[in-house]
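Please keep the sequence and the structure in view while reading.

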Amino acid sequence: MHVESSVPLSDQKERFPCNLVDHGRFSSAGLVTKIGLDFIGQGTEAAGLAALRSLLTERQSAEFLSGPVMQSRISAMMTKKRHSSNLDI
């Protein structure tokens, strides 16, 4: 996948990383951008982990089905699907 390495910025958006560099917070505007993207990625990862935790909590409170019962349900669903798709063997 090709990613643009140069993106035009408005004056205000260009001043922000430059001010951080000028005040000694970062060594370059590129580093400001990299850290900003890393921060966004961490937020996305945190949201994914929260969703996974929520799903696991929900699943833990659900009815437990034994292996044989689950296998029976899966077989019944597959048979129904094959029949509805005219794939009966």
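Helices and strands are DSSP runs, numbered from the N terminus: a helix is a run of H or I with at least four residues, and a strand is a run of E with at least two. The model is predicted, so local features need pLDDT of at least 70 and side-chain atom pairs count only at pLDDT 80 or more, while totals for chains, interfaces and linings use all residues. Residues are numbered from 1 along each chain as its sequence is written, and side-chain values use heavy atoms, with hydrogens and water left out.

**Helices and what follows them**

The expected span of a helix is 1.5 Å times one less than its number of residues. Helix H1 covers residues 11-22; these 12 residues reach 16 Å from the first C-alpha to the last, close to the expected 16 Å. Helix H3, residues 67-84, has 18 residues that should span 26 Å, and its end C-alpha atoms are 26 Å apart, which agrees.

Just after H1, Gly-24 takes a positive phi of about 80 degrees. Just after H3, Asn-86 takes a positive phi of about 55 degrees. Most residues other than glycine have a negative phi. Asn-86 has its positive phi although it is not a glycine.

**Residue exposure**

A residue is buried under 20% relative accessible area, exposed over 50%, and partly exposed in between (1.4 Å probe, protein chains only). The table places several residues on this scale.

| Residue | Relative accessible area | Class |
|---|---|---|
| Asn-86 | 68% | exposed |
| Arg-25 | 60% | exposed |
| Gln-42 | 53% | exposed |
| Lys-34 | 47% | partly exposed |
| Asp-38 | 37% | partly exposed |
| Leu-49 | 37% | partly exposed |

Arg-25 sits in the loop between H1 and H2. From Arg-25 to Ser-84 the separation is 59 residues in sequence and 64 Å in space, C-alpha to C-alpha. Gln-42 belongs to helix H2; Gln-42 and His-23 are 19 residues apart in sequence and 25 Å apart in space, C-alpha to C-alpha.

A salt bridge is a side-chain nitrogen of Lys or Arg within 4 Å of a carboxyl oxygen of Asp or Glu. The structure holds one. It joins Lys-34 to Asp-38, with the closest N and O atoms 2.8 Å apart. Both residues lie in helix H2, four residues apart, about one turn of the helix. An α-helix has 3.6 residues a turn, so residues three or four places apart point the same way.

Leu-49 also lies in H2, which runs over residues 29-60. Together, Leu-49, Leu-52, Leu-55 and Leu-56 make a nonpolar surface patch of about 330 Å². Patches are made of residues with over 30% relative accessible area and no salt bridge; like charges are joined within 9 Å, and nonpolar side chains (Val, Leu, Ile, Met, Phe, Trp, Tyr) within 5 Å. Accessible areas come from the Shrake-Rupley method with a 1.4 Å probe, and for residues only the protein chains shown count as cover.

**The largest pocket**

On a 1 Å grid over the protein atoms alone, a pocket is an open set of points where a 1.4 Å probe fits, with protein on both sides within 12 Å along at least five of seven lines; lining residues have an atom within 4 Å of a point. The largest pocket has a volume of about 440 Å³, a volume being the space filled by probe spheres set on the points. Its lining has 21 residues, of which Leu-9, Pro-17, Ala-29, Val-32 and Thr-33 lie nearest the centre. H1 and H2 are the elements that give two or more residues to this lining. H2 gives the most, with nine residues.
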